[in-house]
Amino acid sequence: GWTVEGARFDWPTLIANKDKEIDRLNGLYLQTLRNNNVVLHEARAEMVDAHTVRLVKDGAEVERVTADKILIATGGWPAMPDIPGIEHAISSN
């Protein structure tokens, strides 16, 4: 067990630390991809067919990518289910 004398909570500090950790992890993920010669396309992707993706930025096509396998990493969003007490919960956002 922990005993913390004079403990206090500061919401802005919590959020700043959370953001800092997300930035750190994102940097590690990007470095791992670069170290493994992964080509990263940060754009809107539209599937053209089973092996082709049309990349769009600012409403204009910037490139078409064709490959045997295509991974589209869309990210995620935390779910907040409709359960009793949910009003006392916070998400990672």
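Figure 1. Asp10 counts as partly exposed because its relative accessible area is 30% (buried is under 20%, exposed over 50% and partly exposed in between, with a 1.4 Å probe and protein chains only). This is a predicted model, in which local features need pLDDT of at least 70 and side-chain atom pairs count only at pLDDT 80 or more, whereas totals for chains, interfaces and linings use all residues. Residues are numbered from 1 along each chain as its sequence is written, and side-chain values use heavy atoms, with hydrogens and water left out. Asp10 belongs to the segment before α1 (helices are DSSP runs of H or I with at least four residues, strands are runs of E with at least two, and the numbering starts at the N terminus). Between the C-alpha atoms of Asp10 and Ala73 there are 33 Å, and 63 residues separate the two along the chain.

**Figure 2. The aromatic pair of Phe9 and Trp11.** The whole structure contains one aromatic pair. Its members are Phe9 and Trp11, with 6.0 Å from centre to centre and 55 degrees between the planes, a tilted arrangement (rings of Phe, Tyr and Trp, the last by its six-membered ring, pair if their centres lie within 6.5 Å; planes under 30 degrees apart are stacked, over 60 edge-to-face and the rest tilted). Phe9 is located in the segment before α1, the helix that spans 11-35. Phe9 is classed as exposed because its relative accessibility is 60%. Trp11, at 41%, is classed as partly exposed.

**Figure 3. The salt bridge between Lys18 and Asp19.** Seven salt bridges are found in a search of the whole structure (a side-chain nitrogen of Lys or Arg within 4 Å of a carboxyl oxygen of Asp or Glu). In one of them, Lys18 is joined to Asp19, and their closest N and O atoms are 2.7 Å apart. Lys18 is partly exposed because its relative accessibility is 25%. Asp19 is likewise partly exposed, at 35%.

Figure 4. Side chains of opposite charge can pair when their charged atoms come close. Arg54 meets Glu46 in a salt bridge with an N to O distance of 2.5 Å. The side chain of Arg54 also meets that of Glu61, at 2.7 Å from N to O. Through salt bridges that share partners, Arg44, Glu46, Arg54, Glu61 and Arg64 are joined into one network. Arg54 counts as partly exposed, with 22% relative accessibility. Glu46 is partly exposed at 25%, and Glu61 is partly exposed at 36%.

**Figure 5. The largest pocket and its lining.** The largest pocket holds about 630 Å³ of space. Its lining consists of 17 residues; nearest its centre lie Val39, Leu40, His41, Leu71 and Ile72. Two or more lining residues come from each of α1 and β2, the latter covering 52-57. On a 1 Å grid over the protein atoms alone, a pocket is an open set of points where a 1.4 Å probe fits, with protein on both sides within 12 Å along at least five of seven lines, and lining residues have an atom within 4 Å of a point. The volume is the space filled by probe spheres set on the points, which are joined across faces, edges and corners.

Figure 6. His41 is placed in the loop that joins α1 to β1 (44-49). A relative accessibility of 32% is why His41 counts as partly exposed. The C-alpha atom of His41 is separated by 48 Å from that of Thr3, which is 38 residues away along the chain. Asn37 is also placed in the loop between α1 and β1. Asn37 has a phi near 55 degrees, which is positive although the residue is not glycine. Asn37 is exposed, with 70% relative accessible area.

**Figure 7. Asp58 in the loop between β2 and β3.** The loop that holds Asp58 runs between β2 and β3 (60-66). Phi of Asp58 is near 50 degrees, a positive value in a residue other than glycine. Asp58 counts as exposed because its relative accessibility is 86%.
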